[in-house]
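Please keep the sequence and the coordinates at hand while reading.

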Amino acid sequence: MLDDTKLLAGLRQRDPQAFTQFFDANVDRVYRLALGMLGQRADAEEVVQATFLSAFEAIGRFEPHAQLSTWLYRIAYNHALMLLRRRHPEEPLPDDSESLPLPATLVDWSTLPEDQLLSEEVHETLFAAISSLPERLRAAFVLRDIETLSTAECAHVQGISESACKVRLHRARLLLRERLSQYFREQVAEEAL
Amino acid sequence: MTCEELVHYLSAYIDHELDAELSRDAQEHLATCQRCQVVLNTTQRLILLGHDQRRYVVSGALRENLYRRIEQSLYHKPAGQG
């Protein structure tokens with residue numbers, strides 16, 4: 001296992017051991033971000049490939065004081081955005097100043113048993129819901145609430161201000177809460193019987 | 001604090017970014033508003049579900065496939081030659 005300094009030096013020299021370590025440490029987070037933003041597994045795979053290749057080309061310009069993983073997220077975010085533009089060039093970007101989506105489904109599913117909440121189906125439902133959000137909101141939720149980046153890191157990855165990042169995250173949470181509440185509504189009704 | 005204001009401040013409340021006075025107002029509202037309490041509970045659970053997604057990793061076969069594809073492009077090896 002290479003430490004950070006040796007890993008960076010190895011990556012710059014295209015050392016296969018450094019590449020393997022870098023890939024293993026980061027492929028999951030790059031894939032989750034791409035899948036959340038794009039919704040399609042094949043597209044997410046394309047972004048993973050493009051991200052690592054771009055990272056290797058640009059590794060000479062990486063500033064050692066920065067976080068390697070955050071830098072990689074930013075490359076992945078930009079590749080996912082480019083692919084989105086190719087897939088949906090006509091989709092208008094929503095305005096951050098639009099009014100907030102107010103909660104309409106008021107079913108308390110928060111106390112459902114863990115095995116119901118942590119199922120594969122819920123995982124797929126959540127990712128489908130994320131990828132159906134307005135484009136600008138998807139990465140905010142993935143980066144903050146799945147990948148647990150700080151607001152500053154999340155803003156940096158997206159190239160936006162921290163306040164804009166908070167607005168996007170809040171909208172994403174409200175919309176996802178609504179969609180999951182609709183999904184869980186029947187299960188809560190069954191539990192109550 | 002009204003329900004609309006609570007919704008407006010919900011993420012900031014959950015993320016402990018509200019100042020003391022607003023946070024107290026939010027708590028007072030939540031103590032008397034069942035609907036907003038449900039919105040808070042389910043939003044907090046959504047965030048925990050989000051954290052839980054980190055246990056989903058790229059599966060073995062796909063991981064290997066991605067690794068090979070990138071490795072081949074990186075080291076300029078034609079496909080099929082290791």
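Two residues are taken to be in contact if their C-beta atoms, placed from the backbone, lie within 7 Å. The model discussed here is predicted. By that criterion, the contact between the chains takes 36 residues from chain A and 29 residues from chain B. On the side of chain A that touches chain B, the elements giving two or more residues are helix H2 (16-38), helix H3 (41-58), helix H6 (120-131), helix H7 (135-146) and helix H9 (162-192) of chain A. H9(A) provides the largest share of this side, eight residues. Sorted by class, the side of chain A that touches chain B holds 22 nonpolar, six polar and eight charged residues.

Chain B contains four helices and zero strands, and its elements follow the order α-α-α-α from the N terminus on. The radius of gyration of chain B is 23 Å, whereas the globule rule gives 12 Å for 82 residues; chain B is therefore more spread out than a compact globule. Its C-alpha trace spans about 70 × 20 × 15 Å along the principal axes. Of the 82 residues in chain B, 21% are buried.

Chain A, for its part, is divided into domain 1 (4-87) and domain 2 (114-192). The C-alpha centres of these two domains of chain A lie 22 Å apart. Where they meet, 13 residues of domain 1 of chain A are in contact with 15 residues of domain 2 of chain A. On the domain 1 side, the elements that give two or more residues are H2 and helix H4 (68-87) of chain A, and H2(A) supplies the largest share, seven residues. By class, this side of domain 1 comprises seven nonpolar, three polar and three charged residues.

The interior may be considered next. In soluble globular proteins, nonpolar side chains tend to be buried together. The largest nonpolar core of this model has 48 residues, and those that touch the most other members are A:Leu33, A:Ala34, A:Val48, A:Ala76, A:Ala140, A:Phe141 and A:Leu143. H2(A) gives the most to this core, with eight residues. Because domain 1 (4-87) and domain 2 (114-192) of chain A both give residues to this core, it lies between them. Leaving aside residues up to four places away in sequence, A:Ala76 touches A:Val30, A:Leu33, A:Ala34, A:Val47 and A:Thr51. There is also a second, separate core of six residues, which includes B:Leu6, B:Cys36, B:Val39 and B:Leu40.

How far is H7(A) enclosed by the rest of the structure? Since 10 of its 12 residues are buried, H7(A) is largely enclosed. The buried residues of H7(A) are A:Leu137, A:Arg138, A:Ala139, A:Ala140, A:Phe141, A:Val142, A:Leu143, A:Arg144, A:Asp145 and A:Ile146. Their packing partners are H2, H4, H6, helix H8 (151-158) and H9 of chain A, together with helix H3 (34-52) of chain B. After H7(A) comes A:Thr148, whose phi is positive, near 55 degrees.

Note on methods. Residues are numbered from 1 along each chain as its sequence is written. Chains are lettered from A and ligands numbered from 1 in the order in which they are written. This is a predicted model: local features need pLDDT of at least 70, side-chain atom pairs count only at pLDDT 80 or more; totals for chains, interfaces and linings use all residues. Ala, Val, Leu, Ile, Met, Phe, Trp, Tyr, Cys and Pro count as nonpolar, Asp, Glu, Lys and Arg as charged, and the others, Gly among them, as polar. A nonpolar core is a set of buried Ala, Val, Leu, Ile, Met, Phe, Trp, Tyr and Cys residues joined through C-beta atoms within 7 Å. A residue is buried if 20 or more other C-beta atoms lie within 10 Å of its own, exposed if 12 or fewer, and partly exposed in between; C-beta atoms are placed from the backbone. Domain bounds come from an automatic or database domain assignment. The radius of gyration is taken over C-alpha atoms; the globule rule is 2.2 Å times the number of residues to the power 0.38.
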